[in-house]
Amino acid sequence: MIEFRLNGETTTTDASPDTPLLWVLRDDKGLKGTRFGCGIAQCGACTIHIDGEATRSCVTPVSAVAGREVTTIEGLDADNAHPLQQAWLEVQVPQCGYCQNGQIMQAATLLATNPSPSEAQVVEHMNGNLCRCMAYPRIKRAVLRGAEIAREAS
């Protein structure tokens with residue numbers, strides 16, 4: 001039995017310790033916001049936070065989160081009121097939408113450590129989160145707008 005915190009609540013799983021965390025989140029916990037993309041940590045669709053760090057859940061064994069805090073897109077803000085979620089809607093970023101949850105989770109770690117990122121810092125931080133619709137300009141705009149919304153609220 002592996003115990004960890006998931007979106008602020010203590011939870012357990014009896015999944016095999018080498019089961020990818022992505023499958024525990026989606027199949028065991030029913031949290032479908034975290035997506036399967038490439039399965040080799042190259043696209044970022046499965047990005048979640050472990051102890052506040054952006055992590056690819058498709059290659060993270062569930063045993064690696066024992067005793068740790070896991071946050072998925074569902075736990076970022078229960079009311080979808082996180083500044084990035086607001087910005088994503090305002091900028092109308094999604095096209096097909098498949099990668100967007102991973103994009104938002106990746107961006108959230110940037111704003112957590114750098115509330116006023118430059119365009120270059122956004123591009124560098126988001127490098128590795130792929131969007132097959134090529135919505136990169138809107139993603140960059142939304143991250144910068146999310147930073148503005150967060151600063152306005154503080």
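**Helix packing in a predicted model**

Good morning. The buried residues of helix H1 pack against strand E1 (2–6), strand E2 (9–13), strand E3 (47–50) and strand E5 (69–71). Helices here are DSSP runs of H or I with at least four residues, strands are runs of E with at least two, and both are numbered from the N terminus. Helix H1 covers residues 21–28, and its buried residues are Leu21, Leu22, Val24, Leu25 and Arg26. Buried means under 20% relative accessible area, exposed means over 50%, and partly exposed lies in between, with a 1.4 Å probe and protein chains only. After H1 comes Gly30, which has a positive phi near 70°.

A word on the basis of these values. This is a predicted model, in which local features need pLDDT of at least 70 and side-chain atom pairs count only at pLDDT 80 or more, while totals for chains, interfaces and linings use all residues. Residues are numbered from 1 along each chain as its sequence is written, and side-chain values use heavy atoms, with hydrogens and water left out.

Let me turn to the overall fold. The protein has six helices and five strands, and along the sequence they follow the pattern β-β-α-β-β-β-α-α-α-α-α. The radius of gyration is 15 Å, close to the 15 Å that the globule rule gives for 154 residues, so the protein is as compact as a globular protein of that length. That radius is taken over C-alpha atoms, and the globule rule is 2.2 Å times the number of residues to the power 0.38. The C-alpha trace spans about 45 × 35 × 25 Å along its principal axes. Of the 154 residues, 45% count as buried. Among contacts between residues at least 6 apart in sequence, 60% join residues at least 24 apart; contact means heavy atoms within 4.5 Å.

Next, the helix pairs. Helix H3 (residues 83–91) and helix H6 (residues 136–153) pack at an angle of about 130°, with their axes 8 Å apart. That makes H3 oblique to H6. Axes are lines fitted to C-alpha atoms, for helices over the stretch in contact, and angles run from 0 to 180 degrees between N-to-C directions. Angles under 35 degrees count as roughly parallel, over 145 as roughly antiparallel, 65 to 115 as roughly perpendicular and the rest as oblique. Among the residues that meet are Leu84 and Trp88 in H3, and Ile139 and Val143 in H6. The residues of this contact divide into ten nonpolar, two polar and four charged. In this scheme Ala, Val, Leu, Ile, Met, Phe, Trp, Tyr, Cys and Pro count as nonpolar, Asp, Glu, Lys and Arg as charged, and the others, Gly among them, as polar.

H6 also packs with H5, where the axes come within 10 Å and cross at roughly 115°. Here Glu119, Val122, Val123 and Met126 in H5 meet Ile139, Lys140, Val143 and Leu144 in H6. By class, this contact has six nonpolar, no polar and two charged residues.

The axes of helix H4 (residues 100–113) and helix H5 (residues 119–126) come within 10 Å and cross at roughly 130°. H4 and H5 are therefore oblique to each other.

Finally, a single residue. Leu111 lies in helix H4. Is Leu111 buried or exposed? Leu111 is buried, with a relative accessible area of 13%. Beyond its neighbours within four places in sequence, Leu111 is in contact with Leu84, Pro117, Val143, Gly146 and Ala147. Thank you.
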